Every structure is written in C-alpha cells, then in structure tokens.
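Subject: Structure handover

Hello,

Here is the structure I promised to pass on. Please open it alongside this message, and my notes follow below.

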Amino acid sequence: MITLTINDKEVSLDRPMSVLEAARQAGIKIPTLCYHEALKPYGGCRLCVVEVERMPKLQTACTLTAADGMVVRTESEMIAKVRRGILEFLLINHPLDCPYCDKAGECELQDLVNKYGATAGRYREEKRKVPESHKDHILTRNMERCIVCTRCVRMCNDVQGASAIAMMGRGGHTRMEPFSSASFNCEYCGNCLSVCPVGAILSRLYIHSFRPWQVDTEVETVCSYCGVGCSMVVQVRDDLIKRVVPRMGLGLNRGLLCSRGRFGYEYIHSQDRLKTPLVRRNGKLEQATWSEALRHVAERLTGIKKADGGSAIAGIASARCTNEENYVFQKFMRMACGSNNIDSLSRAGFAAAQKYLEELLGQGITANMIEGLKNSEVILVAGGDPGTVNPVLGLAIREAFRRGAKVAVVGHARGLERFTSIRLTPPLFREEEFLEELLAGVSRVRGLRGEKLDVDRGIRAISDAYPGISGLEGFDELKHALLDSPSTSIVLGSGLVQHSRGHRAIFAVAGLTYLLEARLYLLAERPNEQGLIDMGCVPEMLPGGRPLNNHDYTRKFEEAWGGPIPEEDGMTLMEIMEGAKEGRVRALYIMGDNPLVNLPGGPLIEEALKALDFLVVQDMFLTETGRMADVVLPAVGWSEKSGTYTNIERRIQLLRKAVGNSSGMEDWKIINDVSGMMGYPMAYEDAESIMDEIARVSPLYRDLTYREIGKGNSLWPYHGEPLRGEIHELPAAVNGTGSYTANFYLAPEKVLFHSGTTSRHSQALMRICPEPVLRIGPAAADTLGVREGDRVKVSTSSGSGEFPLSIDRTISDNRVLLSNNFEGSGVLRLMSYRLDPVTRAPGIEGCEATITRL
Amino acid sequence: MSVVELVKKVLFMEVLQGLALTFRHMVSPSVTRQYPLEKREPFPGSRGLHALVRDAETGKERCVGCGLCAAMCPSQCIHIYTSEGDDHKKIVDRYEIEVLRCVYCALCVEACPYAALTLTDHFEYCGYTRDEFYYTKERLLENWDKYMAGEKGMNYIKNFWRPRSSDFAAPSPERKGP
Ligand code: SF4
Ligand code: SF4
Ligand code: SF4
Ligand code: SF4
Ligand code: SF4
Ligand code: FES
C-alpha cells in the first residue's frame with residue numbers, strides 16, 4: 001500500500017501508478033497536454049508540473065511514480081507561473097485561428113490557455129507558416145496548429161501498430177508527417193485523430209461543417225460493421241450523422257475504432273437508399289405504396305403455402321440485422337409460413353463453424369472476452385486475418401505480441417505481418433492436415449482429457465493416423481510453445497471453414513482448444529453473426545440454441561407462440577438455393593442480404609433466384625439480388641433503429657436509434673405487418689417488446705432487459721442455462737485430400753476498408769479503397785512478368801474479370817486474392833463450391849484461375 | 001371651512017389652476033411627432049435590424065461561420081450552416097436570423113471575433129407573413145448595403161462594439177480581419 005499526500009489530501013493506492021493518476025483517482029485535476037490515458041506517459045509538454053517536497057525542482061506528474069510518503073502540491077504560484085510560461089511558448093507559433101478552426105470548443109489547448117494562460121501574448125514576431133495539407137482523402141493536416149505532443153505518433157506506433165506517421169524536423173519546425181508524405185496511405189483507423197488535442201489532424205468527412213457544440217443529439221451505440229461490436233458515440237445535427245466518435249475507456253474497444261467504424265457511416269444518408277417499396281409489374285420493378293407491397297407479399301406467400309405447403313417457402317436472415325429482427329423473422333417463417341427452411345449467409349463461415357464447435361464442445365465455447373487475448377502467452381491464428389476482418393480484435397493480438405506473447409499465424413494474415421512470431425505456411429488448401437498433425441503432436445504429449453469421450457475418440461483417431469511431426473518450418477516451435485503455454489488463445493477465421501473439408505479443420509481446432517484448455521475466438525465479418533444463430537435463424541434450432549428435435553424444448557415455444565412448430569427438417573442455405581433451382585422451393589424471403597454477390601457459384605444462384613415464383617428482398621439499397629426480386633421493401637439501417645447485437649464474445653449490446661429521416665421501415669416491423677396480413681398477428685410495439693418476449697420464451701435469456709443490456713455487461717451465459725455439447729458427427733475418415741497443382745488459385749480477400757453493400761455506399765471508404773485489386777505474391781508476379789498496377793484478366797471455370805494488380809509481400813504461395821466488396825466484380829461470383837458434408841458450408845477451395853496480362 | 005377656502009371654492013380656483021396648465025401647453029411647442037410622416041433620426045448606437053458586414057475588399061460576407069454569435073444568442077434565433085469550399089476553405093452556406101425572436105441584446109455582435117455582424121439603426125420593419133422576418137445571408141448582406149453604406153458601418157462597429165478581431169490573428173492567410 002502506497003500512501004502519499006496530494007494538496008493536503010491523503011491518497012492511498014492499491015497499485016503502483018504515477019502521481020498524475022493518483023491525483024486523478026483522488027479527484028484532483030492536474031492539467032496535461034501530452035498525456036493520454038490510452039498511451040504511455042511521455043513527459044514532453046511539462047504542463048503537469050507539480051511540487052514535491054524534498055525534490056529541488058518541479059516534477060512532471062505524468063512520469064513521476066508515486067512513492068510512499070510523498071508530499072505533492074499541484075497548485076502554487078510557482079507552478080502557475082511555469083504553466084503560464086509553457087502555454088505562452090506554445091502560442092508563439094500557434095495560429096490562434098480558433099474561430100475558424102474546427103477543434104474550437106473541444107480543443108485542449110484552448111481550454112488550458114483559457115484557464116492557465118496569460119491574457120495576452122508578448123511575442124510580436126511572425127508565426128511559422130505551414131500550409132494545410134489536403135492531399136489525403138480522409139485526414140487534413142494543419143501543422144501550424146501542431147503542438148508536438150506526439151500523441152498521434154505514439155497512438156499509431158504503440159497502440160494501432162500501423163507505424164504510418166512520425167515527427168519530422170526539429171525545433172520550431174517539428175511536425176507530424178506520414179511516411180508516405182502526401183497521403184497517409186495507412187490503416188485509416190483515425191485513432192490519431194481522436195487523440196490529437198488540437199485541430200492539427202481533422203477529418204475531411206465533416207471538416208468545416210459544424211462546431212462541436214452544435215451537435216444536438218449524442219447517441220451511444222455499437223458499430224455495425226463487424227462482430228467485435230465496438231462502442232461508439234454518434235453525433236447528430238439536424239437529423240444528419242455528423243460524425244462517429246469513440247469515447248476513451250468506453251466499451252470493450254476502450255475508445256479505439258477501425259476505419260469502417262469511424263468513417264463508414266455515410267451510407268445511412270446515401271442518395272441511393274431505396275425510397276419506396278418496389279413491386280414487379282409486367283416484368284418491371286415499379287414504385288408502390290407500403291400497403292400495396294405488403295398486401296402483395298402476404299397474398300403471394302399465403303397462396304404458395306396453400307398450394308405447396310410451408311416447405312415451399314424459405315427465408316434467409318441476415319447477420320446485419322438485430323437479434324430482435326432475426327427472432328421475428330424466424331418466428332414468421334416457422335409460424336406464419338410454416339417452414340423450417342431458414343438460414344443465413346453466415347452458413348458460409350461463422351455459423352457453420354460455430355454450430356459444429358458447439359456440438360463438439362458445448363454451448364458457449366467461443367464466448368471469450370477479447371480482453372483475454374491481451375493476456376495470452378500463445379496465440380494461434382488460422383483461417384483469416386483478424387487485422388482486417390475484426391480490426392479491433394487484431395489490435396488485441398498486436399498488443400499481446402508487443403507484450404511478448406508468441407503469435408503463430410497459419411497461412412496468410414496481412415494485418416499481423418509485423419506481429420508474427422511463428423509463420424507457418426502449410427501447402428495451400430491443406431491447412432486442415434497441418435492442424436490435424438499439430439493436434440496429433442499435442443495429444444501425444446498431453447494425452448487425452450477424458451472429459452468428452454466423443455471428442456477424445458476423434459482425437460485418438462487423428463493421432464493414430466498422423467505421426468505428429470511435420471517437416472513444415474515452425475511446426476516444432478509452435479508445438480512446443482503450445483505445450484508450454486500457461487494461457488493459449490486460438491483465433492479461427494472463415495477461410496478454413498469455407499472448405500469442403502472444413503469440418504476437419506474445425507475439429508482439429510476444437511481438439512486443440514479442448515486439450516490445451518485454450519480460449520477460442522471465431523472471427524465474425526458481420527455484426528450479429530452470433531445473435532443470428534442464437535435467435536434461431538438456422539433450420540434445426542430454436543432461439544437460445546434449443547434443438548428443434550426435442551419436444552421438451554419445442555413445447556414451451558409452441559405454447560408461447562400459440563401454434564405448432566413445423567416438424568419437417570429445414571434446408572440449409574445452399575440446399576435452399578439448390579431447392580429453388582429444382583422447384584422444391586417456390587418462394588424466398590430475404591432479409592438484408594445479397595446472396596447473388598455474397599455466395600459462391602454465381603451462375604447457380606442466379607438460376608435459382610430466376611426459377612423462384614416469388615422473391616422478396618428487404619434491404620436498404622437496391623442490390624443485385626433486389627433487382628431480381630418480385631417485391632423489394634426498403635429497410636432502415638444501423639443508427640436508424642434500436643435493437644441488440646450479439647458480438648463474437650457473445651456480449652449482447654444495445655444499438656440505439658440516432659436518426660430517423662429515411663423512408664424505410666425496421667425489418668421487424670415489415671415482417672410484423674406481413675405476418676398480420678397472413679393471419680398470424682404479432683403486434684410488437686417496438687424492439688424492446690420483442691426482447692421482452694425473447695426473455696420470456698427462451699431459457700437462455702431469462703430476465704434479460706434493455707436496461708441491463710444498456711450497461712454493456714450482458715455477458716455469456718447471461719442468467720440463462722447453456723446446453724451441454726451433443727455430438728452429431730465426428731469428422732469422416734481422416735484420409736482423402738485434394739491435389740492442388742494449378743498455377744494460380746483464386747481466393748477471396750477480406751479488405752480492411754470494406755464489408756460489402758453498406759461500405760460500398762460510404763464515400764469515405766470508397767475514397768480510401770475505390771476498386772477491387774488482385775493481390776498476388778512476389779514470386780508469382782515474377783513468373784507472370786507483371787508489375788504493380790498492371791491490369792490483368794482473371795478467368796475461372798465460372799467466369800472472368802479484369803482488375804488492376806498489386807504485389808503483396810505477405811503472400812508466399814500461388815494464391816491470388818480478390819475482394820468481394822465491389823459492385824459487379826465480386827470474386828465469389830467466379831468461384832464454384834462443394835458442400836462440406838458436416839457443416840454444410842460451401843467449400844470454395846481450389847478455385848483454379850488463369851491470369852493473363854492485358 | 002375657513003374664509004380663504006370658501007373664497008377659493010367660490011372662485012373655482014383649482015379649476016382655473018388646472019386650466020392654466022392646459023393653456024400653457026396649448027401655446028408651448030408640440031413634442032409629438034407625426035410618425036410615420038415625420039421621422040426622427042435614431043440615436044447613435046441604437047439597436048435595430050441585423051446586418052452582416054460586407055467586406056469592402058472581397059465583396060463577400062466577412063463572417064467565417066464560427067458560430068459564436070449563435071452560441072451566445074439568448075433566444076437562439078441564429079442558425080448557421082457551413083461547409084468546406086472548393087479551395088478547402090470554410091464557407092458559410094446559410095446564415096439565418098429569425099428576427100421576430102430577437103431581443104436586441106446585441107450579444108451576438110459582441111461575441112463576433114471578426115466584427116462581421118452588427119445591429120443597424122434601422123428599426124422599422126413590417127411584413128404580412130412571418131417568413132418575411134426570416135433573414136437569410138443574402139438579405140442580411142443587403143441590410144448592410146442599405147443601412148450601413150460607406151464609412152458609416154465600420155464606424156458604427158468601432159464606436160459602439162469593441163471589435164474582438166484585435167484579439168485574433170487573421171482567420172486564414174488569404175482572409176484578413178478588419
Ligand atoms: S487548435 Fe485549438 S487553440 Fe488552436 S486554433 Fe484550433 S481551437 Fe484554437
Ligand atoms: S489513421 Fe491510424 S494508421 Fe493512420 S496514421 Fe492515424 S493512427 Fe496511424
Ligand atoms: S498532430 Fe496533434 S497529436 Fe500529433 S503531435 Fe501534433 S498536436 Fe500532437
Ligand atoms: S473493429 Fe469492427 S466493430 Fe470495431 S469499429 Fe471496426 S468494424 Fe466496427
Ligand atoms: S460570430 Fe461573427 S464570424 Fe462568427 S458566425 Fe457569427 S457573425 Fe460569423
Ligand atoms: S502531461 Fe506530463 S509532461 Fe505532458
């Protein structure tokens with residue numbers, strides 16, 4: 001216990017900290033400028049000086065560690081004089097154009113000068129002149145205003161890990177500059193922007209368009225771009241989102257955001273938003289009124305249900321929609337349409353893996369706090385790049401690496417390029433064998449755990465089949481690191497799941513998790529992939545993850561929902577598509593997704609959608625799929641609705657409404673109305689009333705209320721009862737692999753700056769990353785004789801496209817990567833698929849491609 | 001009742017005193033002005049309709065849209081919308097005052113760092129609809145031309161509102177304060 005006296009107040013500390021932190025803890029304010037709670041202390045500005053007894057000179061409180069018995073004074077005439085002097089020095093070159101500067105009103109320098117500064121400056125000389133730099137798409141640099149606190153540089157280096165900027169020059173000419181000089185050309189997280197105390201870094205998205213005090217509403221909400229679910233504050237003026245800001249210390253992201261979250265909000269106010277419902281008349285989509293469109297949907301669905309039964313209707317839910325919407329959607333499909341054919345595009349990744357893992361290891365196996373990554377000693381990353389799919393989770397891995405943890409990356413992860421201790425490059429598309437090999441190696445040393453007999457059996461089969469050693473570089477190092485590690489985390493991305501042998505990789509990961517008692521994280525591209533499953537938007541499960549084939553569970557739901565739940569087994573995603581093509585599925589209801597672009601096997605999907613008698617699409621924009629629909633219903637997006645999202649930690653978080661000017665309707669409300677017209681009234685008043693019902697009917701969410709969720713701590717398993725694992729299928733025989741000998745294989749790239757339909761309508765993200773680029777490794781580039789920026793033609797068996805080319809040093813094999821986020825040029829369209837027999841995810845591995853220079 | 005009082009009463013003295021005052025005023029010069037036929041010159045510094053200062057050099061508003069006037073306004077009747085112009089400079093897209101809600105406190109004028117806004121001495125304005133009293137930027141600039149033409153305006157500001165511009169540097173290299 002350390003006890004010190006600050007301003008005659010006795011302060012006791014339970015852990016070592018600086019005098020500044022001690023003072024803050026005691027409620028004593030010391031002015032600071034270069035200190036920031038997210039960064040390491042720097043001691044550059046000297047504004048935090050304090051007097052300490054028995055120390056001859058003034059000390060900087062931010063760098064001085066509090067010691068027992070210290071007597072500190074934070075205000076005195078001497079200190080005031082020094083602070084006044086420091087501020088006067090800062091203003092020698094500072095332009096003081098506050099009326100013009102966008103920071104005014106929330107500027108730390110302005111506030112400090114107001115409080116501690118002199119009323120007039122004494123310097124009469126010319127101030128330094130540095131023209132404002134507008135060369136970047138997103139960030140404006142005004143280096144006249146920079147006070148050289150280095151907060152931005154420390155943020156970019158020490159926290160974000162992008163190392164894109166540095167302090168350049170000396171003396172009065174010191175300034176912050178990006179390494180690529182003109183534009184920042186960085187990860188565009190904007191975290192430097194949020195720590196700059198003055199108006200030296202500003203966002204061009206809102207520059208000059210409002211003053212901080214003109215914001216009329218501030219809404220605390222969560223990001224809608226990925227499964228991390230970062231907390232953020234949306235600032236609104238006149239029903240327009242002015243900007244998204246994090247609040248330091250708020251939420252699981254502790255004030256950090258990525259480019260999508262921070263700069264991707266513009267799609268809400270996009271001109272391309274659907275304004276009215278559209279109904280197909282004489283082969284053309286025409287504008288219609290809401291009542292016309294809804295009645296049409298209800299009549300057609302009722303007709304098809306009467307003629308061919310409920311199983312001729314299928315529904316695709318969306319991980320972009322809230323828990324409430326997904327709950328209402330599956331209830332509508334099951335009760336109003338009488339069909340269990342309900343799935344989502346999450347089946348092609350997250351949901352497939354999640355479900356299989358839970359069957360093996362029990363419900364809640366992936367419910368681990370992201371914070372836990374920071375404390376792990378060994379982190380194994382496979383099947384995806386956390387730095388681009390879930391950037392803020394990626395930051396946790398980077399932090400762990402800096403702290404000394406071993407980060408092992410299987411395959412390709414660009415975002416962790418400089419944060420990898422062990423790089424493993426198993427043969428392309430045969431990562432599952434590598435993981436099985438690893439599992440065999442680990443199980444030979446560790447033995448089986450004897451807790452889950454089925455899993456043990458599976459592991460034994462694998463260790464019998466593999467020697468547990470491998471010639472792969474880094475294998476032994478990784479194996480020993482894992483065996484020695486006191487705390488291990490495994491991060492699994494969808495790259496290994498979208499594989500026709502994906503279940504084997506998942507099983508191997510599950511086995512490692514089980515043997516090493518590791519924490520498991522599943523990367524989630526969309527905000528509510530977990531919630532979608534939990535709400536029952538999968539064919540075989542009811543909300544709360546209760547299996548449909550168990551009458552004890554179904555009875556309770558049937559009572560609450562007032563009718564029988566259909567018994568017929570539902571179809572999974574790709575089966576729905578195949579069913580549509582064969583005519584077994586006649587009507588498809590899609591809520592908030594775009595399968596034509598986001599699913600592999602483009603020609604088949606197109607054929608399937610064409611073969612449908614009736615297609616309804618609910619979306620914010622007229623998507624490629626929407627253009628094929630019979631009815632398109634405009635929905636509203638993030639920040640226009642309330643609801644909850646369940647993130648990858650399985651934390652339920654509240655999404656709050658901030659603006660409300662669009663002409664769309666909430667997805668739940670549309671379905672609520674259609675359902676009523678189909679004779680199954682739901683009559684929800686708002687999203688909260690839906691959550692109340694969920695809490696009533698699903699044992700997992702017992703007693704859960706918005707009030708509780710709003711506090712941000714609704715963590716798994718809430719107050720509910722998770723289920724234990726139930727094994728359905730162990731991986732098939734361990735043998736059997738593909739052979740991959742083509743020159744190039746096409747694979748989808750996850751882009752940091754995009755997520756699909758919504759990001760495509762965010763101008764800022766489009767400015768950062770305007771077009772799809774084909775990424776290839778340097779060796780492949782040499783063989784082809786192409787250079788950065790060349791245009792090439794990529795052809796596969798399903799189609800071809802032309803793209804500019806970029807050489808990516810982190811690709812060491814013969815894969816070529818292409819993003820799927822741009823209109824009309826998605827990579828998935830070019831790929832065919834093979835279903836994984838266990839997870840039913842479409843496997844897209846081994847897509848041979850030929851590349852020709854144009 | 002004393003004799004004196006009785007005499008006063010008989011002679012209607014009090015009435016006559018009152019009438020004396022009336023007659024005195026009948027012949028004294030009149031102070032009533034026949035408004036609107038006869039108008040008085042407003043006192044210097046009197047507070048009437050708003051005007052946005054038109055910069056003599058650029059011919060444009062001098063206002064940079066800092067929003068301080070609107071922040072200061074006790075009746076919250078000033079609305080300002082700005083954006084980034086083509087040359088990355090801040091431009092004032094809309095500057096609007098709901099004149100009917102103004103209480104003529106002139107706090108907005110005092111707050112302005114660039115002496116870009118003033119209350120003119122024009123006080124008589126009337127209209128048939130409320131909309132006529134919703135002054136846009138263009139109309140406020142016209143007010144300057146109409147009521148504060150020539151030297152008058154700047155002198156008005158200098159004499160009656162201490163311009164704060166002396167506390168600040170020019171808002172940008174191109175744009176000078178007064
Ligand atoms: S950075 Fe702060 S002190 Fe400097 S001009 Fe802007 S608001 Fe004023
Ligand atoms: S936006 Fe992020 S990555 Fe770019 S310079 Fe700033 S902190 Fe670094
Ligand atoms: S740009 Fe801002 S954060 Fe960076 S050194 Fe200058 S004042 Fe500090
Ligand atoms: S990490 Fe995910 S949730 Fe967080 S800001 Fe980025 S996209 Fe949004
Ligand atoms: S205070 Fe002056 S410069 Fe600022 S907005 Fe008002 S009129 Fe314009
Ligand atoms: S805050 Fe302590 S030196 Fe800057």
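Ligand 2 has 14 residues around it. The closest are Cys156(A), Ala162(A), Cys186(A), Cys189(A) and Cys192(A). Please keep in mind that this is a predicted model. Two helices of chain A, H4 (151-160) and H5 (191-195), each supply at least two residues of this shell. H4(A) gives the most, with 3 residues. Sorted by class, the shell around ligand 2 holds 10 nonpolar, 3 polar and 1 charged residues.

Next, ligand 5. Where does ligand 5 lie? It sits between chains A and B. There are 14 residues around ligand 5. Those that come nearest are Cys63(B), Cys66(B), Cys69(B), Cys112(B) and Leu117(B). The shell around ligand 5 has 12 nonpolar residues, 2 polar ones and no charged ones.

Now the contact between the chains. Chain B puts in 16 residues and chain A puts in 13 residues. On the side of chain B that touches chain A, the elements giving two or more residues are helix H3 (68-72) and strand E2 (78-84) of chain B. E2(B) gives the most to that side, with 3 residues. By class, this side of chain B comprises 9 nonpolar, 5 polar and 2 charged residues.

E2(B) also belongs to a sheet. As a general point, strands of a sheet pair through backbone hydrogen bonds, either parallel or antiparallel.

Look at the E2-E3 pair of chain B in detail. E2(B) and strand E3 (residues 90-98) of chain B run antiparallel and are joined by 7 bridges. His79(B) stands opposite Glu96(B) in E3(B). Ser83(B) has Ile91(B) in E3(B) as its bridge partner. The two strands form a hairpin, with 5 residues between them. In the turn, His88(B) has a positive phi of about 70°.

Last, a helix pair in chain A. Two packed helices are described by the angle between their axes and the distance between the axes. For helix H7 (residues 290-308) and helix H23 (residues 667-677) of chain A, the axes come within 9 Å and cross at roughly 55°. That angle makes H7(A) oblique to H23(A). The crossing of H7(A) and H23(A) is right-handed. H7(A) makes the contact through Leu294(A), Arg295(A), Val297(A) and Ala298(A). H23(A) meets them with Asp673(A), Val674(A) and Met677(A). The residues of this contact divide into 5 nonpolar, no polar and 2 charged.

Best wishes

Notes. Residues are numbered from 1 along each chain as its sequence is written. Chains are lettered from A and ligands numbered from 1 in the order in which they are written. This is a predicted model: local features need pLDDT of at least 70, side-chain atom pairs count only at pLDDT 80 or more; totals for chains, interfaces and linings use all residues. Two residues are in contact if their C-beta atoms, placed from the backbone, lie within 7 Å. Helices (H or I, at least four residues) and strands (E, at least two) are DSSP runs, numbered from the N terminus. Ala, Val, Leu, Ile, Met, Phe, Trp, Tyr, Cys and Pro count as nonpolar, Asp, Glu, Lys and Arg as charged, and the others, Gly among them, as polar. A residue is near a molecule or strand if its C-beta atom, placed from the backbone, lies within 6 Å of it. Axes are lines fitted to C-alpha atoms, for helices over the stretch in contact, and angles run from 0 to 180 degrees between N-to-C directions. Angles under 35 degrees count as roughly parallel, over 145 as roughly antiparallel, 65 to 115 as roughly perpendicular and the rest as oblique. A crossing is left-handed if the near helix is turned anticlockwise from the far one by less than a right angle, and right-handed if clockwise. Two strands pair if DSSP finds at least two bridges between them.
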